[in-house]
Amino acid sequence: MRQLIAEGCHSLAQAEGDMAMVIYPDNAHIQTLLAWALANLGKLTQAEESCMAAIRMDPSASAPHGLLGQVLSDFQRFDEAIRHFQTAIYLDPGDVLAMI
């Protein structure tokens, strides 16, 4: 999935992510990658839901918090976005994405 996202094949990444979640329903990493694909497709509500699911699966993962911050910024929900960016940085001080 990561390679498909990097290549801009977001629809294929979403399809792969959907299938992977059936096989690995509790995998926060796959859920986060699915959220990336959804966000890149402009499916922001679904991306938000996927980020929240990934956070429930693994609250210590910084990536879904950082991505959720971006999605919430796109919705102009800035206070919530800042909270998730701050959480991402707290969990992983080297998370450059959350610092942008």
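This is a predicted model: local features need pLDDT of at least 70, side-chain atom pairs count only at pLDDT 80 or more; totals for chains, interfaces and linings use all residues.
Helices here are DSSP runs of at least four residues, numbered from the N terminus.

**The nonpolar core**
- The largest nonpolar core has 23 residues, and Ala 39, Leu 67 and Val 71 are the ones that touch the most other members.
- Six helices are listed as giving two or more residues to this core: H1 (2-6), H2, H3 (28-40), H4 (44-57), H5 and H6 (78-91).
- Leaving aside residues up to four places away in sequence, Ala 39 touches Leu 44, Ala 47, Leu 67 and Val 71.
- As a rule, nonpolar side chains in soluble globular proteins tend to be buried together.

**A buried glycine**
- Gly 66 sits in helix H5, which runs over residues 62-74.
- Gly 66 counts as buried because its relative accessibility is 0%, and the cut-off for buried is under 20%.
- If you skip residues up to four places away in sequence, Gly 66 touches His 84, Phe 85 and Ala 88.
- Gly 66 and Trp 36 are 30 residues apart in sequence, and their C-alpha atoms are 11 Å apart in space.

**The salt bridges**
- There are 2 salt bridges in the structure.
- One of them pairs the side chains of Arg 77 and Glu 48, at 2.9 Å from N to O.
- That pair links distant parts of the chain, 29 residues apart: Arg 77 is in the loop between H5 and H6, while Glu 48 is in helix H4.
- Arg 77 also forms a salt bridge with Glu 80, with the closest N and O atoms 2.9 Å apart.
- Through shared partners, the salt bridges join Glu 48, Arg 77 and Glu 80 into one network.
- How open are these residues? Glu 48 counts as buried at 17% relative accessibility, Arg 77 is partly exposed at 27%, and Glu 80 is partly exposed at 31%.
- In general, side chains of opposite charge can pair when their charged atoms come close.

**A nonpolar patch on the surface**
- Val 22, Ile 23 and Tyr 24 make a nonpolar surface patch of about 360 Å².
- Ile 23 has a relative accessible area of 58%, so it counts as exposed, the cut-off for that being over 50%.

Technical notes:
Residues are numbered from 1 along each chain as its sequence is written. Side-chain values use heavy atoms; hydrogens and water are left out. Patches are made of residues with over 30% relative accessible area and no salt bridge: like charges are joined within 9 Å, nonpolar side chains (Val, Leu, Ile, Met, Phe, Trp, Tyr) within 5 Å. Accessible areas come from the Shrake-Rupley method with a 1.4 Å probe; for residues, only the protein chains shown count as cover. A salt bridge is a side-chain nitrogen of Lys or Arg within 4 Å of a carboxyl oxygen of Asp or Glu. Buried means under 20% relative accessible area, exposed over 50%, partly exposed in between (1.4 Å probe, protein chains only). Contact means heavy atoms within 4.5 Å. A nonpolar core is a set of buried Ala, Val, Leu, Ile, Met, Phe, Trp, Tyr and Cys residues joined through side-chain atoms within 4.5 Å.
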